[in-house]
Amino acid sequence: MTRLGHGAMRPFWMHQVVEYVIAAVFLSVGFGSPTPILPAVLGAIVMINAAIAIGPASAFQLVHRRVHRIIDLVVMGLVVAAVVQPWVDLDANGRIVMALLAVVLAFVWWNTDFATKDERKQRRRERVKPDSEEVGRSAGRSAAEAYLAAKRLKKTVVDDRRTDES
């Protein structure tokens, strides 16, 4: 399941590395904040989430990628809830950075290919490649469209010159 085709998706190891970086940013926000509890806890949650997923950059390999994908949504929900909650004091800069980190988590989640290596190989084998006749037709249509666009542009330029001379 992809949005822009499988080529646009990022590999899972990259997803995990970004989660570790985001966890480090959460922890650094906690260190710099007068109220460090929420950023520190969220940083620990993000780091544990990245560490337990079965993948190249994981430490413990306990949770399948499909389950990790759902846990990611829960973590993003926790971050958003922590940003908007009124009970625990949180400085304004901490809220802004945490909200931005939630956006980054969502972007990374959306653009990640959660498939395993075997699933990706199977997908490549099943991919239908266009036949030569279809490629030829497509190239011919593109050439014809380019020719007609150039012809219209030339006519426009010539018509503009005639109106300028009068």
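1. Let's start with Q16, which sits in helix α1. Bear in mind that this is a predicted model. Q16 has 0% relative accessibility, so it counts as buried.

2. What does the side chain of Q16 find to pair with? One of its polar atoms lies 3.0 Å from the backbone nitrogen of A57. Setting aside residues up to four places away in sequence, Q16 touches A50, A53, G55, P56, A57 and S58.

3. Now for helix α3, residues 65–84. With 20 residues at 1.5 Å each, it should span 28 Å, and the end C-alpha atoms are 29 Å apart, which agrees.

4. Which residues of α3 are buried? They are R65, H68, D72, V75, M76, V79, A82 and V83. Their arc around the axis is only 125°, so they lie on the same side of α3. An α-helix has 3.6 residues a turn, so residues three or four places apart point the same way.

5. As for the cover over the buried residues of α3, it includes α1 (12–32), α2 (37–52), α4 (92–110) and α5 (117–126).

6. The largest nonpolar core has 20 residues, and those touching the most other members are I22, F26, L42, V46, V79, M98 and L105. Helices α1, α2, α3 and α4 each supply at least two residues of this core. In soluble globular proteins, nonpolar side chains tend to be buried together.

7. Neighbours within four places in sequence aside, M98 is in contact with F26, P39, L42, V79, A82, V83 and L90. Of these, V79, A82 and V83 are among the buried residues of α3.

Notes. Residues are numbered from 1 along each chain as its sequence is written. This is a predicted model: local features need pLDDT of at least 70, side-chain atom pairs count only at pLDDT 80 or more; totals for chains, interfaces and linings use all residues. Side-chain values use heavy atoms; hydrogens and water are left out. Helices (H or I, at least four residues) and strands (E, at least two) are DSSP runs, numbered from the N terminus. The expected span of a helix is 1.5 Å times one less than its number of residues. Buried means under 20% relative accessible area, exposed over 50%, partly exposed in between (1.4 Å probe, protein chains only). The arc is that of the directions from the helix axis to the C-beta atoms. Contact means heavy atoms within 4.5 Å. A nonpolar core is a set of buried Ala, Val, Leu, Ile, Met, Phe, Trp, Tyr and Cys residues joined through side-chain atoms within 4.5 Å. A polar contact is a pair of N or O atoms within 3.5 Å; within protein, one must be able to donate a hydrogen and the other to accept it, and residues adjacent in sequence count only if both atoms are side-chain atoms.
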